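Student: I am new to this structure. Could we go through some of its labels together?

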Amino acid sequence: MNFFDWEFAWAILPRLLDASLKTIGITLAGFSIAIVLGLFLAVGRRSRLRWLSWPVTGLIEFIRSTPLLIQVYFLFFVAPNYGLNLTALQAGIIGIALHYACYTAEVYRAGLDAVPRAQWEAVTALNMRAVTAYRKIILPQALRPILPALGNYLISMLKDTPVLSAITVVEIMQRAKNISSEHFRYLEPITMVGLFFLILSLGLAWFVRRLENRMELAR
């Protein structure tokens, strides 16, 4: 029976912590892109211009209906055949960002649809520029109810980063598998990776709740 070897765990900890920085970096970079791109996609989908709303809707539904693994495979292995050459890390960040942008777009759309009609009419009556209206009037009201959903997608993105190991991105899970193969011990590396995701997920959930409370107090 294999028991947890604490000495081995301490020995491999620095290597796992080093890989964890890449996991965190991918998550932060991917989510930063996703929340900005998702907003533009949501606005595009709500547009009254069919030439804009239909292609955006098609893109969102296509991305949401296909697995993240296939999308990153396409970016890394297929896209170079058409002149788009990306490193594994670039393909991973773009793939996971685009994937979650389409999910956050639907969250934004729900938030924008929840803004009272009177607010939209007031913006129109005041003849405000679209950018100003969204920044000062619409988005502050739309963000409060959707913040928990956005937080959930941030945590989901973190937990989906191991998918990128399929295109040779050495994040924390891939590093753990490499260590396991080298030493023929899987208990310690996999357990430590599980604890890493658990601790970071709980920390992110706490951060989102604090942010949500601060936004409520600011109302």
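Here is a short talk about the terms and the values behind them.

Tutor: This is a predicted model, in which local features need pLDDT of at least 70, side-chain atom pairs count only at pLDDT 80 or more, and totals for chains, interfaces and linings use all residues. Residues are numbered from 1 along each chain as its sequence is written, and side-chain values use heavy atoms, with hydrogens and water left out.

Student: Why is Arg45 called buried?

Tutor: Buried means under 20% relative accessible area, exposed over 50%, and partly exposed in between (1.4 Å probe, protein chains only). Arg45 has a relative accessible area of 19%, so Arg45 is buried.

Student: What does the side chain of Arg45 make a polar contact with?

Tutor: With the side chain of Thr57, at 3.5 Å. A polar contact is a pair of N or O atoms within 3.5 Å; within protein, one must be able to donate a hydrogen and the other to accept it, and residues adjacent in sequence count only if both atoms are side-chain atoms.

Student: Where does Pro140 lie?

Tutor: Pro140 lies in helix α6, residues 130-160. Helices are DSSP runs (H or I, at least four residues), numbered from the N terminus.

Student: What is at Ile146 in α6?

Tutor: A kink of about 60°, shortly before the proline Pro148. The bend at a residue is the angle between axes fitted to the seven residues ending there and the seven starting there.

Note on methods: Helix = DSSP H or I, 4+ residues; strand = E, 2+ residues; numbered from the N terminus.
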